[in-house]
Amino acid sequence: MLLTLWNEFEANKEAQLANTIANNNIIIAMKVKVTTFNYLSLTTRLASCLLVNPPTPQATVLRQWYDQNRQEIAQLIEETSYKDSTKLLPPAKNDDIISVDNAVSMLKNVKTAWIRGNISLIAEQRSFWYAVCSNCQKAVDTNLE
């Protein structure tokens with residue numbers, strides 16, 4: 001996944017990350033914005049916080065996972081898999097899809113779920129498509145004629 005640094009993060013963290021990129025840093029990014037620029041990426045904002053190689057049990061577990069999967073990760077980077085939406089957001093497995101009724105009770109304890117249901121549009125009938133920039137995937141609000 002791509003991480004874009006802005007403002008003080010660019011000034012304070014860019015050199016540190018660039019100089020230690022071969023170390024395969026573990027970065028914990030809090031309060032970052034998820035964007036669709038370059039498919040799916042993260043970007044800092046004023047309230048963001050970045051921790052590089054923090055001494056936490058979670059970072060240790062993630063480092064161990066990385067060490068075990070180093071070759072596969074290198075291959076995914078080489079193939080620019082971060083630009084492939086089917087790899088970033090793969091379709092749900094049938095076993096992971098639940099009904100709307102089950103989701104209502106489950107979502108009290110679980111933050112996300114794949115839901116199977118029927119959609120109906122009420123009152124304002126809106127189009128099922130919109131125009132986006134072919135480069136950054138942001139919506140283009142203009143008359144297309």
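Tutor: A salt bridge is a side-chain nitrogen of Lys or Arg within 4 Å of a carboxyl oxygen of Asp or Glu. The structure has 1 salt bridge, in which the side chains of Arg-70 and Asp-67 meet at 2.8 Å, N to O. This is a predicted model, in which local features need pLDDT of at least 70 and side-chain atom pairs count only at pLDDT 80 or more, while totals for chains, interfaces and linings use all residues. Residues are numbered from 1 along each chain as its sequence is written, and side-chain values use heavy atoms, with hydrogens and water left out.

Arg-70 is partly exposed at 39% relative accessible area, and Asp-67 is partly exposed at 39% (buried is under 20%, exposed over 50%, partly exposed in between; 1.4 Å probe, protein chains only).

Asn-25 is buried, at 18%. It sits in the loop between helix 1 (8–19) and strand 2 (27–30) (DSSP runs numbered from the N terminus: helices are H or I of at least four residues, strands E of at least two). The Asn-25 side chain makes a polar contact of 2.8 Å with the side chain of Thr-20 and another of 2.8 Å with that of Asn-53 (a pair of N or O atoms within 3.5 Å; within protein, one must be able to donate a hydrogen and the other to accept it, and residues adjacent in sequence count only if both atoms are side-chain atoms). Neighbours within four places in sequence aside, the contacts of Asn-25 include Leu-17, Val-52 and Arg-63 (heavy atoms within 4.5 Å).

Leu-17 and Val-52 also belong to the largest nonpolar core, with Leu-5, Phe-9 and Leu-50, 5 residues in all (buried Ala, Val, Leu, Ile, Met, Phe, Trp, Tyr and Cys residues joined through side-chain atoms within 4.5 Å). Helix 1 and strand 5 (49–52) are the elements giving two or more residues to this core.
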